[in-house]
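Here is a short tour of one protein model, written for a reader who has it open on screen. Let us begin with a place where two elements touch.

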Amino acid sequence: MRKNSIKNTRINGEVMRELCKIIQGEIKDPRIHPMTSVVSVEVAPDLKTCKAYISVLGDKEAQNDTLVGLKSAEGYIRRQLAKTVNLRNTPEIRFILDQSIEYGVTMSKLIDDVNKNLSSQEEDEEDE
């Protein structure tokens, strides 16, 4: 099975959907921030490992606490995943903090600031 095969893409989507349900609804760990979302999932073609990219809306402490909480609940999450997703092997999950959404928001704010400065400079030049 190639890495980007249709089967692998469907498995990635299904695992991602189930991980979202498990993290949002079933885990009661107080370290896991309520605004945690699964951005993407990459299941290896041999179904042995899985990288789950997690986004946490909060400060650095909340992000680190969420990662620690998810790593401690990894066995439970894997067991629940095995019950809901019918795969030959249930992949071993590695949680990775994804900063792309936060980075996108920061870049968007910087672009808006530059546009405001340019428009205010143009207005000042027109007034003179």
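## Where helix 1 meets helix 3

Val15, Glu18, Leu19, Ile22 and Glu26 of helix 1 are in contact (heavy atoms within 4.5 Å) with Tyr76, Ile77, Gln80, Leu81 and Thr84 of helix 3. Sorted by class, this contact holds 6 nonpolar, 2 polar and 2 charged residues (Ala, Val, Leu, Ile, Met, Phe, Trp, Tyr, Cys and Pro count as nonpolar, Asp, Glu, Lys and Arg as charged, and the others, Gly among them, as polar).

## The chain around them

The protein chain has 4 helices and 3 strands, in the order α-β-β-α-α-β-α along the sequence (DSSP runs: H or I of at least four residues for helices, E of at least two for strands, numbered from the N terminus). Its C-alpha trace spans about 75 × 40 × 20 Å along the principal axes. Of the 128 residues, 31% count as buried (under 20% relative accessible area, with a 1.4 Å probe and protein chains only).

## About the model

This is a predicted model, in which local features need pLDDT of at least 70 and side-chain atom pairs pLDDT 80 or more, while totals for chains, interfaces and linings use all residues. Residues are numbered from 1 along each chain as its sequence is written, and side-chain values use heavy atoms, leaving out hydrogens and water.

How values were computed: Buried < 20%, exposed > 50% of the residue type's maximum accessible area, 1.4 Å probe, protein only.
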